[in-house]
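Me: I want to learn how to read a model like this one. Take me through it feature by feature, with the cut-offs.

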Amino acid sequence: MGRPARQPAAAALRPRKAPAQARSAVTVEAILEATLQVLQQTGFHQLTTTRVAERAGVSVGTLYQYYPNKRALLAAVLQAHLGEVVEAVEAACRAHEGATLRAMVVALTDAFVEAKTRRVEVSLALYAPAGEAQGQELVRLMMMRAHAAVSRMLGSASDARLADTALPAFFLLTGAVGAVQGVLEAGAAPPLVQALRLHLAEMGCGYLERLAGPR
C-alpha cells in the first residue's frame with residue numbers, strides 16, 4: 001500500500017471543528033487556557049498534547065476532536081493573543097480618526113501596551129511559537145491589519161498632513177513592538193510599563209511632528 005497523502009501545512013494547523021454548542025465552547029476555552037499554562041511552565045519544546053489534555057481535564061481524544069496536533073494548538077493560542085492585540089489597536093484607531101496627531105499616538109501607545117502587558121507571562125511564552133514559520137505568518141497577517149488601521153488613522157489627522165502614512169505607520173508599529181518586547185523581557189514592573197507608555201508616546205509624537213506639514 002502507498003503512503004497516505006500528507007496534509008497541507010495550512011490544513012494541519014486548522015482546528016478540526018468549531019465549537020457549535022456552549023459546552024463545546026467551554027471545552028475549547030479550557031484547552032486553550034491549559035495550552036498557555038503548560039507553555040508557561042514547560043516551555044515551547046516540552047509542550048505536548050498529553051500534558052495539555054491533563055491540565056484541561058479532558059481526554060487526549062477529546063482534544064484531538066478540535067486540534068489535530070501540537071502545532072495546531074500553538075497556532076490557535078497565538079492567533080487568539082495576536083487577535084486581541086490587533087483588535088485593541090483597531091478600536092483605538094477607529095475612535096481617534098480625525099483627532100490630533102498627539103491624541104492618536106497616545107491612544108495607539110496605550111492600547112498596544114495595555115494589550116501586551118495585560119498578561120505578561122502569556123506574551124513572553126508566545127514569543128517562541130511566534131518565531132516558528134507558521135507563527136511568523138500569523139504575525140505578518142496581524143501586522144498587516146494593524147498597519148492598515150494606523151495608516152488610515154494618521155491620514156485623518158485634524159492638525160497636520162502627512163505626505164505618506166504607510167511608512168510612518170510601519171515605523172510606529174515596529175518601534176512599539178521592539179520596545180514592548182524589551183520591557184516584557186526586563187520583567188514589566190508597573191513603573192517600567194508606565195515609563196514605556198510615556199516615552200513611547202513622546203518618541204512617536206516627536207517623529208510624526210518632524211514629518212508632518214500643516215493641514
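Me: What share of the contacts in the protein with a separation of 6 or more comes from residues 24 or more positions apart?

Reply: Contact means heavy atoms within 4.5 Å. Here, residues 24 or more positions apart account for 73% of the contacts with a separation of 6 or more. Some ground rules: this is a predicted model, where local features need pLDDT of at least 70, side-chain atom pairs count only at pLDDT 80 or more, and totals for chains, interfaces and linings use all residues. Residues are numbered from 1 along each chain as its sequence is written, and side-chain values use heavy atoms, with hydrogens and water left out.

Me: How many helices and strands does the protein have?

Reply: Elements are DSSP runs numbered from the N terminus: helices are H or I with at least four residues, strands are E with at least two. This protein has 11 helices and 0 strands. Along the sequence the pattern reads α-α-α-α-α-α-α-α-α-α-α.

Me: What percentage of the residues count as buried?

Reply: Buried means under 20% relative accessible area, exposed over 50%, and partly exposed in between, using a 1.4 Å probe and protein chains only. Of the 215 residues, 42% count as buried.

Me: Which residues touch the most other members in the largest nonpolar core?

Reply: Start with the general idea. In soluble globular proteins, nonpolar side chains tend to be buried together. A nonpolar core here is a set of buried Ala, Val, Leu, Ile, Met, Phe, Trp, Tyr and Cys residues joined through side-chain atoms within 4.5 Å. The largest one has 33 residues, and Val 89, Leu 101, Met 104, Val 150, Leu 154 and Leu 208 touch the most other members. Helix 5, helix 6, helix 9, helix 10 and helix 11 (190-211) each give two or more residues to this core. Take Val 150: beyond its neighbours within four places in sequence, it is in contact with Val 89, Cys 93, Leu 108, Ala 169, Leu 172 and Leu 173. A second, separate core has 30 residues, including Phe 44, Leu 63, Tyr 66 and Leu 73.

Me: How much space lies in the largest pocket, and which residues are closest to its centre?

Reply: Definition first. On a 1 Å grid over the protein atoms alone, a pocket is an open set of points where a 1.4 Å probe fits, with protein on both sides within 12 Å along at least five of seven lines; lining residues have an atom within 4 Å of a point. Grid points are joined across faces, edges and corners, and the volume is the space filled by probe spheres set on the points. The largest pocket holds about 390 Å³. Its lining has 21 residues, and Leu 82, Lys 116, Val 139, Met 143 and Val 177 are the closest to the centre. Helix 5 (70-95), helix 6 (101-117), helix 8 (127-131), helix 9 (133-154) and helix 10 (166-185) each give two or more residues to the lining. Helix 5 has the largest share, 6 residues.

Me: How does that lining divide by residue type?

Reply: Ala, Val, Leu, Ile, Met, Phe, Trp, Tyr, Cys and Pro count as nonpolar, Asp, Glu, Lys and Arg as charged, and the others, Gly among them, as polar. The lining of the largest pocket divides into 15 nonpolar, 5 polar and 1 charged.

Me: Where does Met 143 lie, and what does it touch?

Reply: Met 143 lies in helix 9. Met 143 is partly exposed, at 26% relative accessible area. Not counting residues up to four places away in sequence, Met 143 touches Leu 173, Thr 174 and Val 177. Its C-alpha is 7.7 Å from that of Val 86, 57 residues apart along the chain.

Me: Why does the second largest pocket lie between domain 1 and domain 2?

Reply: Domain bounds come from an automatic or database domain assignment. Domain 1 (20-68) and domain 2 (71-214) both give residues to the lining, so the second largest pocket lies between them. About 300 Å³ of space lies in this pocket. Among its 15 lining residues, Glu 33, Leu 36, Ala 80, Glu 84 and Arg 119 are the closest to the centre. Helix 2 (22-42), helix 5 and helix 7 (120-125) each give two or more residues. The lining divides into 8 nonpolar, 2 polar and 5 charged.

Me: Is Ser 123 buried or exposed?

Reply: Ser 123, in helix 7, is buried, with a relative accessible area of 2%.
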